[in-house]
Amino acid sequence: MALRTSDGGPISTESEWLSFFVDVMKFTPKSSATYAKLLSEDAVTGQLLEQNIDVPNMKNCIGMELEEFLKLKRYIHSKLASKLPRPSIKMNATQADYDKFVLDWRKYKTDRQLCETSTLYLNLFNCCTVELRQHIQSVTASKRVEKELLELIQGIAVSNLELHDHIKEFMKMKQNEGENCHQYLRRVQTKATHCGFTQIGMDACVKDRFVRGLNNSAVRSKVLKFETPTMSITELFAEALKQEHALAIVREYVEKQGPSKQLSPS
């Protein structure tokens, strides 16, 4: 049975536990608050204390008090010790750093019982340093899911090349066969984070590389005609996506009608 208050009821609320630790156990207010919060949130706590002890008379039950308190103390320490610290990762990490981070993240996720998609994403995002989070936010994400964020963290944080090598690779980037506009844009934005561009320079370079690297000449031509100097990458991306979708419709139509039809978006 659980420890009981002076009116006979079991100790269950945070305020009751706080009074118990401050008034009876003479703990410091800070320690009392920590233990009270932990025990009030755990439904099995009462089952750990086997004796029905009247709190106001507890000081007279020295032997019983010591036995039950030690049991309680072991339980509290085991609960506190089980909470792993949140892992962290920063820019310019090595592949080994990233691999260790992923391992620590999986342990942390299990320890904290994180399972909801939104909770997972937010906790994983907060593992990143401020600088890394800023780079991640500059990349267009299709879904706020753990797998995609881990790929972004690896792509942005891990670097094995010198700055000039990153820039050379960036300037040669093109959309791969079978790669949709969103996948291509994300790849360009991720590479740009390693090139040392200022924010303004990065936006301009990403727009230019994205458009010029589109692998379909018809789509590229349409987007170039649509582009203006003040247009954002979001607007350009939307136009490219529209033209890509139009091209897919044309392709589907041609497959049904025969090879004599031309493949260009209307």
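At 13% relative accessibility, Glu179 counts as buried (under 20% relative accessible area, with exposed meaning over 50% and partly exposed in between, for a 1.4 Å probe and protein chains only). The model is a predicted one, in which local features need pLDDT of at least 70 and side-chain atom pairs count only at pLDDT 80 or more, whereas totals for chains, interfaces and linings use all residues. Residues are numbered from 1 along each chain as its sequence is written, and side-chain values use heavy atoms, with hydrogens and water left out.

Glu179 belongs to the loop that links helix H9 (163–171) to helix H10 (181–192); helices (H or I, at least four residues) and strands (E, at least two) are DSSP runs, numbered from the N terminus. The side chain of Glu179 forms a polar contact of 2.8 Å with the side chain of Arg187. A polar contact is a pair of N or O atoms within 3.5 Å; within protein, one must be able to donate a hydrogen and the other to accept it, and residues adjacent in sequence count only if both atoms are side-chain atoms. A polar atom of the Glu179 side chain also lies 2.9 Å from the backbone nitrogen of Asn176. With neighbours within four places in sequence set aside, Glu179 is in contact (heavy atoms within 4.5 Å) with Lys174, Tyr184, Arg187 and Glu244.

Val22, in helix H1 (residues 14–24), is partly exposed, with a relative accessible area of 31%. Not counting residues up to four places away in sequence, Val22 touches Phe27 and Ser32. Between Val22 and Ala33, 11 residues apart in sequence, the C-alpha to C-alpha distance is 8.9 Å.

Helix H5 (residues 95–111) packs against helix H8 (residues 146–157) at an angle of about 155 degrees, the axes being 11 Å apart. H5 is therefore roughly antiparallel to H8, a term for angles over 145 degrees. Axes are lines fitted to C-alpha atoms, for helices over the stretch in contact, and angles run from 0 to 180 degrees between N-to-C directions. In this pair, Gln95, Tyr98, Phe101, Val102, Trp105 and Lys109 of H5 meet Glu146, Leu150, Ile153 and Gln154 of H8.

The chain averages a pLDDT (the predictor's confidence in each residue, from 0 to 100) of 78, and 73% of the residues score at least 70. Among the elements of the chain, the mean is lowest for helix H3 (residues 45–48), at 42, and highest for H10, at 91. Over residues 43–66 the pLDDT is below 50, and this stretch has 52 contacts in the model beyond near neighbours in sequence. Where pLDDT is low, the predicted coordinates should not be read in detail.

Definitions and conventions
Parallel < 35°, antiparallel > 145°, perpendicular 65-115°, else oblique.
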